[in-house]
Amino acid sequence: MTLKSLLLAASVAAMPVAALAEGAVKVGMITTLSGGGAGLGIDVRDGFMLAVKQSGNDAIEVVIEDDQRKPDIAVQLADKMIQSEKVDVLTGIIWSNLAMAVVPGATAQGKFYLSPNAGPSALAGKGCHKNYFNVAWQNDNLHEAAGAYANSAGYKNSFILAPNYPAGKDALTGYKRQYGGGLAGEVFTQLGQTDYASEIAQIRASGADSVFFFLPGGMGISFLKQYADSGVDLPVVGPAFSFDQGILQAVGAAALGVKNTSQWNKDIDNPANAAFVASFQAEYGRLPSLYASQGFDTANLLLSAMAKADVKDTDAFRAALEAADFASVRGNFAFGSNHHPVQNIYVREVIQEGDVFTNKIIGTALENHADVYAADCKM
Amino acid sequence: MTRETVVNAALTLGLLIVPMWALMADEPFIITLATRVAILALAGVGLNIALGLGGLVSLGHAAFFGLGGYAMGILASHAQSYTPLITWPVGIEGTTSMPLIWLVAVLAAGLGALVIGALSLRTSGVYFIMITLAFGQMLYYFAISWPAYGGEDGLSIYLRNGFPGLNTLVPIQFLALCYGLLAIALILSARLAASPFGLALNAARQSAARVQAVGLSPYRLRLVAFVISGMITGLAGALFADLNRFVSPTMFSWQTSGEIMVFVILGGVGRLFGPVAGAAVFIILEHVLGGISDYWHIYLGALLLLIVLFARGGLIGLLAGKAAHHG
Amino acid sequence: MGDPILSVQGVSKSFGALAANRDISLDLRAGEIHALIGPNGAGKSTLIQQIAGGLRPDSGRIRFLGQDVTHLGPARRAKLGLARSFQVSALAMEDTVLQNALLGALGARGGAYRFFGAALKDAGLRQAAEEALSRVGLLDKAALQTATLSHGERRQLEVAIALTLRPKAFVMDEPMAGLGTAGSQQLTAFLDGLRAEAPILLVEHDMDAVFALADRISVLVYGQIIATGPCDDIRANPDVRRAYLGEEA
Amino acid sequence: MSPILLIEQVLNGLQFGMMLFLMSAGLTLVFGVMGLINLAHGSLFMIGAFAAAAVAAATGSFLLALVASLAAAAAAGALVEVLVIRRLYARDHLDQVLATFALILIFSEGTRWVFGSFPLFLNIPPYLSGPVTLPGGIEYPLYRLTLIAVGGLVALGLYLLITRTRLGIRIRAGESDREMIAALGVDIQRLYTLVFALGAALAGLAGALVGAIQSVQVGMGEPVLILAFVVIVIGGIGSVKGALVGALLVGVTDTLGRALLPGFFGLFMEPSAAMSMGSSLASMLIYILMAVVLIAKPSGLYGATV
């Protein structure tokens with residue numbers, strides 16, 4: 001907060017932006033810091049800033065702004081970052097619809113964009129761009145992994161549900177892409193819906209042997225609580241979003257035992273991860289979430305590229321980013337031809353450690369998995 | 001020269017000087033902000049015709065804002081992908097020409113306002129507020145779940161649309177265009193208020209029975225006002241989409257309706273320059289307060305509350321005193 | 001004496017169990033002032049509302065200028081030439097006196113759908129409005145805000161607006177109320193001359209004015225007309241005397 | 001769709017409707033008695049849920065949590081009534097809308113400031129959790145049945161309060177004639193504060209009850225608020241009976257719409273298009289219902305004619 005106001009004060013003054021040191025990089029972070037979805041943005045920011053702090057690199061300057069989860073505000077902030085702040089790199093956006101609003105314009109103006117969370121298919125396929133890098137996942141990835149897990153668990157008849165909006169439709173498509181069994185039912189819920197009694201009744205009546213759902217944020221919390229109370233006890237799978245550290249405490253015991261897919265967990269065994277989890281807890285007094293890990297990795301990717309090339313030398317800097325030469329907290333990490341991750345996706349189970357609900361990895365759903373849109377990407 | 005004229009002139013001067021300064025100081029973002037102020041003020045000018053003159057408290061003007069925005073998004077996306085808009089019964093192509101887009105946006109919003117207004121104006125008071133809200137929500141949910149034009153993801157237009165003789169990608173030129181439209185809308189709205197129609201509409205707000213007794217139909221007066229109001233807000237929607245090069249269902253959300261209403265009330269209901277003052281102050285607050293704290297909404301809320309409670313007549317009322325009675 | 005300008009034929013109206021008007025018939029002929037009197041709660045306002053078009057009768061017809069207007073709304077009846085003034089002033093209080101009169105002129109012109117050109121600068125409208133204001137003696141107050149007018153002045157403005165319509169008939173709901181003696185006398189004289197322009201259906205409590213002006217009087221008691229006739233007949237009518245005993249002693 | 005599933009869905013609709021009723025009753029009372037549009041009613045719902053979650057976390061008792069939700073929402077309601085709302089009664093709807101919109105901003109961000117940005121935990125107590133078997137072999141969550149019962153009890157309580165008590169007489173008098181009630185020597189300010197706090201308490205109770213099966217988070221009040229407005233407008237503003245009927249109508253329409261429409265479109269469309277179309281229409285359905293009601297009856301089902 002103090003950092004932000006200082007920077008703001010500096011930028012409001014009408015003097016020309018002071019020339020930064022050679023090799024310095026100015027980063028514009030547009031993320032959600034107020035309103036209902038603020039938890040995700042705060043985690044990304046905290047993860048990112050932790051990595052910056054640990055690097056001790058003072059050639060990196062970060063300007064942070066709150067997009068209020070509104071696309072038009074995000075676009076306006078991107079304009080501000082580019083026009084006024086004259087940043088070199090943009091990052092931070094949580095939501096696919098905001099990314100779709102900001103990324104094409106930013107990359108067209110020659111800026112780098114590093115996505116710490118959203119990975120809409122349009123940006124991975126036909127709409128890919130050489131200056132756009134996704135450090136999290138392509139949106140379909142975790143759903144595909146859930147489908148793969150469903151196969152290995154022997155599910156033959158899934159009931160699947162997601163909100164009626166593009167990311168929801170992508171989720172069901174992603175699940176079906178890997179899943180080989182039949183469907184007991186397929187339901188689109190309303191975006192922002194809070195009561196799932198009607199859907200749960202349909203699940204009960206459908207004769208399904210498993211349930212797959214993608215309901216991010218509060219929708220997932222509501223669904224899980226109501227599902228647990230309904231007496232339907234079919235196994236549930238879903239992507240990590242509804243079982244992440246930030247919201248798991250709010251779901252409580254209702255989530256225990258649920259399998260979910262994620263490219264990261266705090267128990268992934270590598271030194272970078274161990275150090276990250278410990279230092280994040282020390283710095284902020286809470287367990288890191290998936291989003292924090294993605295923010296942390298995004299910053300480290302950027303720092304690794306800065307060590308190799310000057311951001312003003314766009315081609316060299318891009319090559320340095322493509323190399324992805326940093327110690328990711330998720331272990332092996334590489335970019336595919338469309339600048340989206342090629343990585344393992346794990347299956348986690350929700351467990352209880354003392355008073356705290358958390359996840360532990362129980363297997364690998366997909367190894368070195370890339371997305372299906374890379375073929376459409378012509379850079 | 002009344003005090004209100006002085007305040008209006010000062011506002012106009014401010015709106016002109018700030019971008020000029022920004023141009024010289026090479027602060028293009030300030031120009032973008034001024035453009036935003038102009039466009040949102042235009043939306044407010046539209047709403048003010050229904051709200052200030054007609055007394056129609058519409059909590060659904062986002063519907064027209066969004067219709068204008070989507071008119072732009074749909075036409076431009078078809079033009080950019082070289083796919084025809086419709087092929088039957090006649091082939092219609094998309095377009096990236098602003099004047100054409102504006103025309104379509106205004107017509108679409110006007111048609112929307114005609115249908116929504118014709119049904120909603122059967123009610124009055126709180127029921128009217130709520131039924132307009134309901135129509136806005138209908139369009140909002142429709143836009144979210146209608147896959148053809150991006151649904152909740154919205155629709156990106158990678159290049160700003162063109163205007164003959166201007167390079168709209170240059171911020172100051174696009175700003176000039178928006179200022180021009182805002183000025184035209186302000187002049188039209190001032191003349192409308194003084195016109196026979198304005199007289200009758202204003203009277204219908206104060207006493208519907210009187211207007212009926214002289215042989216005029218308040219319903220029709222209000223409907224026409226609602227349509228004009230929707231058209232101007234629709235035009236603002238098309239410009240807003242062009243400013244962001246992006247449209248999304250949030251343009252339809254009830255918060256958008258609420259914000260447009262906030263501009264009008266903040267500035268002063270029924271005051272010619274009310275929406276301009278309201279939009280300018282709102283945008284400045286958003287930027288100044290947003291820098292102070294993550295919890296800046298608290299301060300914004302407190303400020304709005306103080307204005308409603310203690311500065312009746314909005315900012316213009318605060319600066320210029322009670323409304324003058326032209327007679 | 002030709003067809004009546006306005007005729008009410010067997011009109012009844014009830015609100016729930018309360019019968020406000022029962023089988024009422026009356027007419028208004030060219031050149032006359034027809035006064036409608038009766039104690040409070042007799043159903044006068046309900047009847048006026050039905051004549052002006054604000055309420056629909058449960059049964060019966062209302063004809064105006066030979067045309068059945070029973071199912072027309074107030075605006076349509078006003079367009080046909082039926083002008084009314086309200087018991088409780090219905091005026092645009094925030095506007096000026098002149099603007100209120102202009103509104104009437106606008107209605108008389110038959111349409112308000114002109115979006116440019118200032119209404120105040122329209123010579124035709126302005127002339128009609130100012131003429132009407134001067135006839136009721138309000139011209140010197142034209143620039144004042146209507147809310148600042150006294151109660152009596154507002155009644156005068158109501159009449160002025162009715163005048164701008166150049167109507168075929170007036171329906172006036174207690175125009176004298178609150179006027180004071182001098183004001184009443186002034187308005188009485190004015191209405192006296194007005195009947196030549198168009199007949200007036202006059203609802204009034206001021207009995208001096210009624211007996212001074214009316215060609216005929218109808219008496220409404222408990223929702224029914226108990227007598228209609230010239231002033232002297234009504235004065236002598238025993239039913240009327242009974243109904244008014246104590247109230248108009 | 002089997003009859004059992006249909007019955008279950010109707011129950012779901014009733015339960016959803018009862019929750020909407022708790023939310024709407026206060027809103028409609030406040031409007032009926034004081035003529036005030038309160039957009040911040042959803043914030044009181046949120047405050048109830050947060051208070052319940054905080055107390056449940058501290059004490060482990062669900063009943064105490066419910067008491068806390070009632071108390072916190074009533075206190076917050078009384079406080080804003082005295083500080084802000086009181087100044088708005090004489091204003092037009094426009095000022096009320098803007099002022100209470102400002103209150104939403106303050107309450108939402110204030111709650112985030114106090115409780116943080118992450119959702120809170122609040123769960124069904126063990127004695128109410130799990131399903132019970134109803135006659136006909138329908139398995140139905142006990143908690144949802146409890147919600148229906150609570151909603152019914154509150155409706156009954158409100159009915160008795162309004163028809164049988166001195167407070168109720170004053171409320172009804174206040175609805176019809178403010179000056180008369182002041183002339184009767186009733187302290188009108190206290191009455192208003194009381195009615196506002198009562199409405200707030202009901203919203204807070206709804207927040208706590210719903211919070212146990214939903215997500216307790218900032219912004220949870222707004223979607224419910226819009227639904228509550230739909231409810232009271234359909235029922236006729238100011239009418240508690242209208243709120244009950246409207247709430248049940250909206251609850252059942254919404255639930256059955258979501259359950260039946262996709263299948264209905266599936267009869268003559270290919271499945272994925274039918275799914276998408278059906279869901280889209282289902283999400284618009286209650287707004288369509290409201291528009292239709294208002295077009296047919298411009299002041300709602302039980303509203304006074306305007």
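Tutor: In chain C, four strands form an open sheet in the order 2-1-4-5, with antiparallel pairing. The model is predicted, and for this reason local features are given only at pLDDT of at least 70 and side-chain atom pairs only at pLDDT 80 or more, whereas totals for chains, interfaces and linings use all residues. Residues are numbered from 1 along each chain as its sequence is written, while chains are lettered from A and ligands numbered from 1 in the order in which they are written. Strands (E, at least two residues) and helices (H or I, at least four residues) are DSSP runs numbered from the N terminus, and two strands pair if DSSP finds at least two bridges between them.

The edges of the chain C sheet are strand 2 (18-28) and strand 5 (67-68), each pairing on one side only. Strand 5 of chain C is joined to strand 4 (residues 59-64) of chain C by two bridges in the antiparallel sense. Within strand 5 of chain C, Asp68(C) is the bridge partner of Arg63(C).

Chain C also meets chain B, through 34 residues of chain C and 24 residues of chain B; two residues are in contact if their C-beta atoms, placed from the backbone, lie within 7 Å. On the chain C side, helix 2 (74-80) and helix 3 (97-109) each supply at least two residues. Helix 3 of chain C gives the most to this side, with seven residues. By class, the chain C side has 22 nonpolar, six polar and six charged residues; Ala, Val, Leu, Ile, Met, Phe, Trp, Tyr, Cys and Pro count as nonpolar, Asp, Glu, Lys and Arg as charged, and the others, Gly among them, as polar.

Towards the other chains the picture is one of separation. Chains C and D have no contact, their closest C-alpha atoms lying 13 Å apart. Chains A and C likewise have no contact, with 34 Å between their closest C-alpha atoms.

Of the four pairs of chains in contact, chains B and D share the most contacts. Here 38 residues of chain D touch 37 residues of chain B. Helix 4 (93-115), helix 9 (221-235) and helix 11 (271-296) of chain D each supply at least two residues of the chain D side, and helix 4 of chain D has the largest share, 16 residues. The chain D side divides into 26 nonpolar, eight polar and four charged residues.

Strand 1 (residues 25-31) and strand 3 (residues 89-91) of chain A run parallel and are joined by three bridges, with Leu90(A) of strand 3 as the bridge partner of Gly28(A).

Glu65(A) is found in strand 2 of chain A. Glu65(A) is buried, with 25 other C-beta atoms within 10 Å; a residue is buried if 20 or more other C-beta atoms lie within 10 Å of its own, exposed if 12 or fewer, and partly exposed in between, with C-beta atoms placed from the backbone. Leaving aside neighbours within four places in sequence, Glu65(A) is in contact with Ile30(A) and Leu77(A).
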